[in-house]
Amino acid sequence: MGAEVIKVEKPEGDDTRHWGPTFTVHGESAYFISINAYKKSIVVNFRQKEGIDIIQKLASQSDVLVENFVPGKLSELGLGYETLSNINPRLIYASLTGYGSDGPYASRPGYDVMASALGGLMGITGHPNEPCKVGVAITDISTGLFLHGAILAALYSRTQTGKGQRVDTSLLEAQVAVLANIGQN
């Protein structure tokens, strides 16, 4: 679709740069390269005012912001939906969390394998009474696809209204959704 994607990394860099076992000759993991192909990348320290200013400036010029922090973390830093939508009313603010923006697990970080266990996928994979991790991070992938659909719908809505909006999904929501009828048993 021709989007310019700018990935914002913490000063230490993205942890997935070091996820092996397959590495490039430059020492970056094949996984990191595969999920970051064609993206630009910048390093920003959110703990400093200069870092907050950089993100706010980027948001003022962006169509979409995608974040995957624990709910409320970016608001504490002055980078929540309320603040950024005031800077750019056309912004689509997309949040991906582990367990949703409210509820008993909202403040917990989420990882594919944890949502797969809690959502039931590991319970129907492998042998009876021996939960097993599936071979691919399918919860991460499906959650990204659900968020992608929500972002596209929000972009379409913006063509009609001229206004941005916040969309969100979670690993657990996506995990339960892809279980379809199995989740009913």
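Residues are called buried under 20% relative accessible area, exposed over 50% and partly exposed in between, with a 1.4 Å probe and protein chains only. By this scale, F69 is partly exposed at 33% relative accessibility, whereas F46 is buried at 16%. The model examined here is predicted, so local features need pLDDT of at least 70 and side-chain atom pairs count only at pLDDT 80 or more, while totals for chains, interfaces and linings use all residues. Residues are numbered from 1 along each chain as its sequence is written, and side-chain values use heavy atoms, with hydrogens and water left out.

A search of the whole structure gives 4 aromatic pairs, where rings of Phe, Tyr and Trp (its six-membered ring) pair if their centres lie within 6.5 Å, and planes under 30 degrees apart count as stacked, over 60 as edge-to-face and the rest as tilted. One of these pairs is tilted, because the rings of F46 and F69 have planes at 35 degrees, with centres 5.8 Å apart. F46 sits in the loop between strand 2 (40–43) and helix 2 (49–60), and F69 in the loop between strand 3 (64–67) and helix 3 (73–76), so the pair ties together parts 23 residues apart in sequence. Helices (H or I, at least four residues) and strands (E, at least two) are DSSP runs, numbered from the N terminus. Y81 and Y93 form an edge-to-face pair, since their planes stand at 70 degrees, with ring centres 5.8 Å apart. This pair links distant parts of the chain, 12 residues apart: Y81 belongs to helix 4 (residues 81–87) and Y93 to strand 4 (residues 92–97). Y93 is buried, at 2% relative accessibility.

An open sheet of 3 strands has the order 3-4-7, with parallel pairing; two strands pair if DSSP finds at least two bridges between them. Strand 3 and strand 7 (165–170) stand at the edges with a single partner strand each, so one side of each is left without a neighbour in the sheet. From one strand to the next, the twist averages 15 degrees; angles run from 0 to 180 degrees between N-to-C directions, and axes are lines fitted to C-alpha atoms, for helices over the stretch in contact. Strand 3 and strand 4 are joined by 4 bridges, and V66 has A94 in strand 4 as its bridge partner. Strand 4 pairs with strand 7 over 6 bridges, where T97 is partnered by S170.

Helix 6 packs on this sheet, touching strand 3, strand 4 and strand 7, and its direction makes about 165 degrees with that of strand 7. Helix 7 touches strand 4 and strand 7, at about 65 degrees to the direction of strand 7. Contact here means heavy atoms within 4.5 Å. In strand 3, L65 and E67 form the covered face, while V64 and V66 form the uncovered one. S95 lies in strand 4 and is buried, with a relative accessible area of 1%. Leaving aside residues up to four places away in sequence, S95 touches E67, L147, R166, V167, D168 and T169.

The two helices also meet each other. Helix 6 (residues 138–161) and helix 7 (residues 171–178) pack at about 100 degrees, with axes 9 Å apart, and are therefore roughly perpendicular (65 to 115 degrees). Their contact has 5 nonpolar, 4 polar and 1 charged residues, among them F146 in helix 6 and L171 in helix 7.

Notes:
Parallel < 35°, antiparallel > 145°, perpendicular 65-115°, else oblique. Nonpolar A, V, L, I, M, F, W, Y, C, P; charged D, E, K, R; others polar.
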